[in-house]
Amino acid sequence: MVAKIQPVVRSLYRNAGDFARRYAPLLILTSLVLLFTFISPNFMTVKNLTLMLRQVSFATISAVGIMFVMISGAIDLSIGSQIVFTNIVMAILMARYHVNPVLAILFCLFMGTFLGTVNGVLSVKLQIHPLIITLGTGTIYKGLGYIVANGKNIIGLPESFKVLGQGYIGPVPIPVLIMAVVALIGNFVLTRTYFGRYVFAMGGNPEAARLAGVDINRMRIITFAICGFASAITSVLLLSRVFSGQVFTGQGIEFDCLTAALLGGVSFIGGEGTIFGLITGVLIIGVLNNAMQLAGLPDFYQNVVKGTVLLVAVGFDMYQKRRRAKETIARVSTHG
Amino acid sequence: MSADYVVEMKGICKRFGGIEALRNVDLELRRGEIMGIVGDNGAGKSTLMKILSGAYLADAGEIFIDGQKVHIRGPLDARRLGISMIYQDLALFNNLDVAQNIFAGRELVRDRFGVFIDKKRMYNRAAELIRDLRVDIKSPKMSVARMSGGQRQMVACARAIAFQCKVLIMDEPTAALGVTEANKLLGLIRNLKDMGLSILLITQRIPDVLAIADRVFVLKGGQRQDVMEVSKVTLDDVVTMIVKGKGGNGTAAPEVQYKSFG
């Protein structure tokens with residue numbers, strides 16, 4: 001019996017580093033939850049947790065989109081601005097032109113996909129790093145949003161539109177349900193389909209992917225389009241939640257998405273990432289936000305804490321990777 | 001065109017800007033042989049092979065596979081014709097495991113529309129390939145990032161031959177390997193030949209070529225110099241041809257120290 005267990009234990013020990021790396025986000029999340037449960041009696045209640053989930057659901061949907069872009073080895077800084085633009089346009093369609101909400105939503109989804117596609121096409125055609133491209137297009141999209149809004153808040157949305165952002169199915173808020181669906185689909189596409197494999201391949205080694213027959217340019221455009229589509233879903237839900245068209249809706253959401261993705265182990269240089277990790281990252285941010293609100297800390301303090309957590313988590317990840325690389329070099333050089 | 005040759009390249013020319021990388025090069029590869037492609041740095045070895053593998057397009061020239069004229073416009077065309085190339089920088093994906101590497105870009109699918117990948121079949125097939133090649137990789141689930149240079153070459157080999165492949169091009173496979181690993185790899189190349197593959201082996205290590213190749217093809221300054229039967233030449237003959245070319249009148253080779261491969 002002991003003889004059987006021994007190798008298992010040994011391999012467990014050997015893989016402890018891997019294990020820590022893989023589950024570090026989960027460990028951080030668990031400890032935060034335990035900590036706040038002890039500190040604040042209002043934290044571990046169904047009502048509070050439901051609200052917390054709804055709060056993170058909006059950014060999570062965009063984050064699933066940005067994850068496709070990140071794994072493929074690019075970055076999209078424009079999603080907040082895309083949301084600003086689509087949000088205002090959708091609000092105007094419904095409030096001023098009395099467009100049927102369903103049509104307005106479809107238009108918003110189409111428009112978001114289009115804005116994402118523009119990002120993709122520009123990065124392919126101009127051959128400039130997507131960081132710069134999306135910095136530029138983001139500024140443009142935001143500017144266009146402001147122009148269309150013309151300095152006004154757009155009110156007078158149809159009551160029926162409220163349900164998406166504010167409604168519940170049973171005890172579950174609708175945005176949370178939609179987040180779950182988006183995450184499941186994202187996970188499925190990334191892990192089970194041809195397309196998902198291509199995303200990982202091009203993020204890991206673009207030249208090798210090209211030689212293996214992956215159409216890098218087409219993939220780049222599609223991943224940006226997916227990101228735009230996901231952000232458009234966020235835009236719809238945010239408009240329904242805020243229930244008036246405001247140019248501040250969605251601004252800066254890309255930084256929450258990026259933070260969550262990086263916390264959850266999505267690689268900034270591409271090729272790595274899981275939906276599970278992403279959700280963990282999102283929840284870490286959500287729990288921190290929530291607990292600090294419960295504790296009555298002002299926003300500024302929350303930013304300091306979030307930034308610190310990000311640096312610690314990513315720093316730990318890099319430390320682990322570097323150590324592993326060293327081990328590999330040592331092993332290979334003794335090998336032959 | 002003779003069907004004795006599995007590959008025939010005729011009058012291949014390639015320029016990169018002002019540099020003439022290949023000038024009117026002909027190459028014939030017999031079925032089931034190992035042909036060494038040798039030449040100094042910049043002689044055009046890799047360029048010629050990359051044209052065959054579809055990574056580059058030739059400016060002029062024709063290619064025949066099994067006597068049939070073909071047009072190779074990209075890596076996919078070459079692969080469809082049964083030509084695989086293992087690139088010097090290996091073209092492996094460090095973020096993927098062995099099986100994912102082998103099937104990258106042509107994942108096995110389980111539905112008619114080719115959307116959903118068949119993981120189980122891919123891992124089984126990868127394990128089979130590793131076994132057939134008799135290489136020391138423990139599991140198709142191992143991450144490539146942690147492997148030694150030799151193991152990585154083996155994965156690249158498995159990747160190259162995983163699908164219908166009759167011509168395998170290897171670009172300096174032993175360059176970064178230690179003596180033991182290089183020898184193992186040469187053994188593997190022989191196995192591949194026994195499995196019926198025709199192999200083009202680019203290398204700087206002439207002793208490797210003399211050890212396992214049937215013929216050796218010499219390039220210099222983008223031009224074909226000679227093709228020699230390995231059984232009839234010495235190391236010096238090959239080196240002389242590389243350094244002096246066709247017009248060298250058989251002068252003795254310069255004093256060059258070659259690392260023997262063990």
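Let's start with H8(A). Its buried residues pack against helix H3 (46-71), helix H7 (162-166), strand E2 (172-173), helix H9 (194-204), helix H11 (216-242) and helix H13 (275-294) of chain A. Buried means 20 or more other C-beta atoms within 10 Å of a residue's own, exposed means 12 or fewer, with C-beta atoms placed from the backbone. Contact means such C-beta atoms within 7 Å. Helices (H or I, at least four residues) and strands (E, at least two) are DSSP runs, numbered from the N terminus.

This is a predicted model: local features need pLDDT of at least 70, side-chain atom pairs count only at pLDDT 80 or more, and totals for chains, interfaces and linings use all residues. Residues are numbered from 1 along each chain as its sequence is written, and chains are lettered from A in the order in which they are written.

Back to the helix. Which residues of H8(A) are buried? Among them are Pro175(A), Ile178(A), Val182(A) and Leu190(A). The face turned away carries exposed Val181(A), Leu184(A) and Ile185(A).

Next, Ile66(A). Beyond neighbours within four places in sequence, Ile66(A) is in contact with Asp76(A), Ile79(A), Cys227(A), Cys257(A), Leu258(A) and Ala261(A).

Last, the interface. 27 residues of chain B are in contact with 21 residues of chain A. Helices H2 (75-80), H5 (149-161) and H6 (179-194) of chain B each give two or more residues to that side of chain B. H2(B) gives the most, with three residues.

Methods: Two residues are in contact if their C-beta atoms, placed from the backbone, lie within 7 Å.
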